[in-house]
Every structure is written in structure tokens, then in C-alpha cells.
Amino acid sequence: MKTIGIGGAGSKIAVKLDSQCAAINISEIELSKIPTSGAKIQASLHDGSGVFQGARMDPAIGLEAYGSVSRQLTNLIRGAMVISATGGGTGNGITAGILRDLTGRQEQIPVEEKTIFALVLPYGKMEPDEFVSNTSAFLNGPLAEAIDSGNTGNIFMFSNRVKFEKQLPEDKYNQMMVNSLKEFFSIPEKNAQLKLLEEHIDQADFALFLSKPYFNHFTAFNFNPENDFGKQLATHWNPLLLEPEQPIEALFLLEVPTGNDGTCFYSILKHFNDQGVKPLYSVVENPALKGPRVNVSLLYSRKPAEEVQSFNRESEEHAQTKVRRTIDQYVELEPLQVNLDSEADKVKSNGEDDIIKMLKRINKL
Ligand SMILES: Nc1nc2c(ncn2[C@@H]2O[C@H](COP(=O)(O)OP(=O)(O)OP(=O)(O)O)[C@@H](O)[C@H]2O)c(=O)[nH]1
Ligand SMILES: [Mg+2]
């Protein structure tokens, strides 16, 4: 599959995944730093500005620049994966332009021409408010409309949460995202190369799965057949992606070491059947493994409005913490001195002896 990186983050990640990716940016400087052997496309603004500064976090500028590359991109995105961040101006604005064009398409887009989107969302607790509000507008607007039109392929919702929480270097985090994508995309290849024990997921099955206009949460982990599959899945969500909702469709590849009959796949199948989902699956023998490993992918269709809400919830919590911290820092309350005897005397002078007796008794209990 062809890869297209848009904006700073999008291009940096895309070129790690595919050294022949197309890179698109307004900023000539950012573009010059992408070591791709594929096309470098510079989007431009009417007044010629932006060459040095990009879209300066303003999606309206990115959308304006989309006009200069829209024709080229219409061809380029066919059957490709677009990678961009939603926080800044360039990735957000140009990707919004692509999504609007897809939404407006009258004809049904064939499976092999669908476009997949890998979006990088900011971590609301620690990144600038502009990134968060740009993201909310993007999810609620162009993305929601494109999903409703049915004209997108799968959408991967990456988040920068782990990057900030674990204080990881950008380059390392980008590599983690790429490794995770690579493992997921290797599913049909493994089916072609390894010994098949049960069923088969070929390129065509995989392409059809990817062409559906749903969010895709994929994850991989070493599976212990002695324990419940559902519980293991729930503790092995892909930490780089937003957590999924109830799946509409699912796919899994179970790899087992030589000598393992692979029948532990039945427990995975049962887990999905209990949820009313009939997954696409296969079991292969992988001599390089010591124990079973499973790749799982869930398609879910939470409405982007809800996706926005949950994204914003984190940011709101962050805002509240900020307010609390400000109060802690700047509002010093006089320590309240309460002398029980003098308080009691006050009550006594009101002639409330019974109450005092009661209080004293409670004290003694
Ligand atoms: N994971 C990851 N996130 C990045 C990287 N670079 C930027 N970001 C995030 O991407 C968002 C900003 O998007 P950028 O790609 O830098 O912006 P842009 O699309 O080039 O737009 P402008 O620079 O505003 O013109 C923020 O949430 C950043 O934290 C990166 O290399 N890796
Ligand atoms: Mg940029």
C-alpha cells in the first residue's frame, strides 16, 4: 500500500513506515528534512507565505493550501494510507480537504481505491489548547461527515498519550507507532508464507476489511490459552491507539509454535461469538515463536461526536486540575483555629448545657 504523510508529524511517521512515501507540507523546511525517495509535494498559499512557518497551527491555512494540491492528491490517495496529526494546521487542514472531497463523491468508491487514515491526536492533558480544539473541530466536522458518507476506509486513532506519560523521545515513539502498524499489516503476508492450520486471510480479505468506513483498533500480544481470552484482550489494548468500543466486525490471526495444534483459537472464536461477532480469522504455525501470539483487530463505529466527547473529557479534567493547582498556588487561606473549649463556652453562654453534656459524652465514647 502507498503511504502519504501530511504535515510535520504525518511525514516523519510515514517515511519510517515507507521510505518511498509521498510527503506533503506547506513548510519547505519541514519537507526538506524528510528522507523519502518518493514525491515531495509543497502545498502553497495564495500570498506565498507559509514557506518558512507552515500553517502555524491554523487549519484554515492548511485548508487553503489544499487547493494548490487537491488534483494531485485526488489521484495519490487512491488505495493509499494517509498519515497526519490533527493538532496543527497543515495535517489537519489538508486532511480535512481530502475528507470533504471524499464526502462529496457521488459514485461508490471501489474497495481497492478506498483511503485509510492514520490520525495522530494530541494528548489533551499536556499539549496546547489549540491542538485540542483543532482536533475536536476536525473529528466533529470533516471526519464525521466523511465516515457518514461511507467513502473512507478504516481510520486508526493514534494518541500521543503514552509519548507524554512515559516521556519518550519523539523518534522512538514514531518508531513504536510504525512497528505496531507493520505487525498489523503483516497479517496477509504471514498467511501466505507460514503453514496454515485453520482458515485463511488472504490479501483480498484483508483489503476488504480495511476498506470499511469504521474505526480500527488493532493490537497484538502473547496469548496464554490457560486464561480467559476476553480478560487478556482487555489488558492488552494497543496503548498507542484510543480504546475501542463494542466491535461490529473483528479479525484475528493466531500464530502458534511448531508442535502446537492451534486449537486454542476456539476460545477466541467463542469470545467473539458471545458478543455477536463472527470474526475473520486464521491460525498459522510460526517456528520462530515460543508460545502463541495473537493479532486482533476490531472495527467499531462510535460516532465521531462521542469520540470527540471522550477526547474532550480528558482535556476538561486537565483544565480542572489546572484551576485547582492555581488555587493551591495563589490562594492562601488563614489556618482556621478552633478551640473546642471556647466554642463550648459560647454555646454554654447561650444556656445550652444539655448539648455540652452530650458533646462531652460523645468525646468520651
Ligand atoms: N507522535 C508524534 N507526534 C508529533 C510529531 N510531531 C508533531 N507531533 C504532534 O502533532 C501535532 C502537531 O502537528 P504537526 O504535524 O507538528 O503540525 P503540522 O500538521 O505540520 O501543522 P503546522 O506545523 O501547524 O503547519 C501535535 O499534537 C504534536 O504533539 C511526531 O514526530 N510524532
Ligand atoms: Mg508543521
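Modeller: Helices here are DSSP runs of H or I with at least four residues, numbered from the N terminus, and the model to which they belong is a predicted one.

Colleague: Which helices each supply at least two residues of the shell around ligand 1?

Modeller: The shell holds 25 residues, and the closest to ligand 1 are Gly7, Gly54, Gly87, Gly88 and Gly91. Three helices each contribute at least two residues to this shell, namely H1 (7-17), H4 (90-104) and H7 (170-185).

Colleague: From which element does the largest share of the shell around ligand 1 come?

Modeller: By class, the shell residues divide into nine nonpolar, 11 polar and five charged. Taken by element instead, the largest share amounts to five residues, and the helix that provides them is H1.

Colleague: How are H3 and H4 oriented to each other?

Modeller: The axes of H3, which spans residues 59-76, and of H4 come within 7 Å and cross at roughly 50°. Angles from 65 to 115 degrees count as roughly perpendicular and those under 35 degrees as roughly parallel, and the two helices are therefore oblique.

Colleague: Is the crossing of H3 and H4 left-handed or right-handed, and which residue class has 10 members in their contact?

Modeller: H3 passes H4 in a crossing that is right-handed. The contact includes Ile61, Leu63 and Tyr66 of H3 together with Ile94, Ala96 and Ile98 of H4. Beside seven polar residues and one charged residue, the class with 10 members in this contact is nonpolar.

Colleague: What percentage of the residues of the protein chain count as buried?

Modeller: The secondary structure of the chain comes to 14 helices and 11 strands. Of its 365 residues, the share that count as buried is 40%.

Terms used. Residues numbered from 1 in each chain as written. Chains lettered and ligands numbered in written order. Predicted model: local features only at pLDDT ≥ 70, side-chain atom pairs only at ≥ 80, totals over all residues. Near = placed C-beta within 6 Å. Nonpolar A, V, L, I, M, F, W, Y, C, P; charged D, E, K, R; others polar. Axes fitted to C-alpha atoms, helices over the stretch in contact; angles between N-to-C directions. Parallel < 35°, antiparallel > 145°, perpendicular 65-115°, else oblique. Left-handed = near helix turned anticlockwise from the far one by under 90°. Contact = placed C-beta atoms within 7 Å. Buried ≥ 20, exposed ≤ 12 C-beta atoms within 10 Å, placed from the backbone.
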